[in-house]
Amino acid sequence: MARTAALPPSAPFRDTASQLKDMLSGQLESTNQVILDHLASSVPLIPEVARHLIAAGGKRLRPLMTLAAAELCGETGEGPRLLAGAVELIHAATLLHDDVVDESALRRGLRTANIVFGNKESVLVGDFLFARAFELMVRTGSIEVLGILSKASCIIAEGEVLQLTTSQNLETPQTIYLDVISAKTAALFAAAAEAGAVVAGGDAEKVAAMRAYGLNFGIAYQLVDDALDYQSSGAVLGKTAGDDFREGKMTLPVIRAYAASTSDEERQFWQRTIRDKDQRPDDFARANELMRRDRIVEACLQEARGYAEAAASSLAVFPVGDLRGTLEDLAIGSAERTT
């Protein structure tokens, strides 16, 4: 099938995501029903907590990648939909756990489940969602798929622990930061795309291509998220701007800003605010001022573009067509987005 005119690289990321949703609308609707069905429990608090997070919306990027990968490999049946549901439930479980660890108060502009219901409740419902996800994986009948997503779940947990060990550590190298985001964010994107190709019976070249797409897309996506924390307002981000700064997270903007310090005063500023978490009301503004001076955010976004381009290039093994083109646009747009 010939590819229709693609959105230009500068088009809003959410427009491209909406286009992908439209292309896969029937499958996504079935996947959403699978997700809602698997929130059911005889314990009323469980679906209440889960729905608070899942019903709040979100781009559904991970299940969309599973569905898109399967369609590119020639399969649109029940298997991909079950798998896409499993991927979204794993994602939801990690969000519930992350918000407890990070003591987050907002997600997508709403109060987080840990604030509304409590930390214990959020952790336990996250565990429930993990279990439901594995039920769905088993129903696909694919041991290979089960292995892919099981491994990804382990990697995500390792990434969380690794991030804890780097928190407030100004000596964290960029390589370790990339290890963290590769594990915490990109691993599930990679597994979602790879598993979709596998469940559809894609050959080794196509499976590898989809894994590369998901991995590079995920790295680009998180690089932009971390950069935007020092550039956007809370209303745009759906969380409080500067949360990463206040939590002492060693994201790439901080790593580069500390390395770019030109005086003892600047190094002491980062040591006080990040390492010691001794923060004053005007410190976030000062952090932004230093980053603007050294064009730190722009450099981080440029790095994201490299990964986004790698993601798009990996799809060259597939025939030119509308779906491939939209996925390419989605990858490039991931590094151009402002939300």
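Figure 1. Alanine 316 belongs to the loop between helix 16 (296-313) and helix 17 (322-334), helices (H or I, at least four residues) and strands (E, at least two) being DSSP runs numbered from the N terminus. From the C-alpha atom of alanine 316 to that of alanine 186, which is 130 residues away along the chain, the separation is 20 Å. Residues are numbered from 1 along each chain as its sequence is written, and side-chain values use heavy atoms, with hydrogens and water left out. As this is a predicted model, local features need pLDDT of at least 70 and side-chain atom pairs count only at pLDDT 80 or more, while totals for chains, interfaces and linings use all residues.

**Figure 2. Alanine 200 in the loop between helix 9 and helix 10.** At 15% relative accessibility, alanine 200 counts as buried, and the loop that holds alanine 200 runs between helix 9 (174-199) and helix 10 (204-228). Leaving aside neighbours within four places in sequence, alanine 200 is in contact (heavy atoms within 4.5 Å) with Ala70, Cys73 and Glu75. Serine 41, by comparison, is 159 residues from alanine 200 in sequence and 31 Å from alanine 200 in space, C-alpha to C-alpha.

**Figure 3. The largest nonpolar core, with tyrosine 213 among its members.** A nonpolar core is a set of buried Ala, Val, Leu, Ile, Met, Phe, Trp, Tyr and Cys residues joined through side-chain atoms within 4.5 Å. The largest such core holds 70 residues, of which Leu129, Leu149, Met210, Tyr213 and Phe217 touch the most other members. Helix 5 provides the largest share of this core, 11 residues. Apart from this core lies another one, of 33 residues, including Leu178, Ala227, Leu252 and Ile255. When neighbours within four places in sequence are left aside, tyrosine 213 is in contact with Met65, Ala311, Ala312, Ser314, Leu315, Leu327, Leu330 and Ala331.

Figure 4. A pocket, on a 1 Å grid over the protein atoms alone, is an open set of points where a 1.4 Å probe fits, with protein on both sides within 12 Å along at least five of seven lines, and lining residues have an atom within 4 Å of a point. The volume of the second largest pocket is about 330 Å³, a volume being the space filled by probe spheres set on the points, which are joined across faces, edges and corners. Its lining is made up of 18 residues, and Val101, Asp102, Glu247, Lys249 and Lys277 are the closest to its centre. At least two lining residues come from each of helix 5 (78-102), helix 8 (143-166) and helix 12 (243-247), and helix 8 gives the most, with four residues. By class, this lining divides into five nonpolar, five polar and eight charged residues, where Ala, Val, Leu, Ile, Met, Phe, Trp, Tyr, Cys and Pro count as nonpolar, Asp, Glu, Lys and Arg as charged, and the others, Gly among them, as polar.

**Figure 5. Helix 14 and lysine 277, which follows this helix.** The buried residues of helix 14 (264-275) are Glu266, Phe269, Trp270, Gln271, Arg272, Thr273 and Ile274, and they pack against helix 12, helix 13 (252-259) and helix 15. With a relative accessible area of 39%, lysine 277 is partly exposed.

Figure 6. A cavity is a set of grid points where a 1.4 Å probe fits but cannot get out, and a search of the whole structure finds two cavities of 30 Å³ or more. Ten residues line the largest cavity, and His52, Leu53, Arg107, Arg111 and Thr112 are the closest to its centre. Helix 3 (45-54) and strand 2 (110-111) each supply at least two of the lining residues, and the lining as a whole has four nonpolar, two polar and four charged residues.

How values were computed: Buried means under 20% relative accessible area, exposed over 50%, partly exposed in between (1.4 Å probe, protein chains only).
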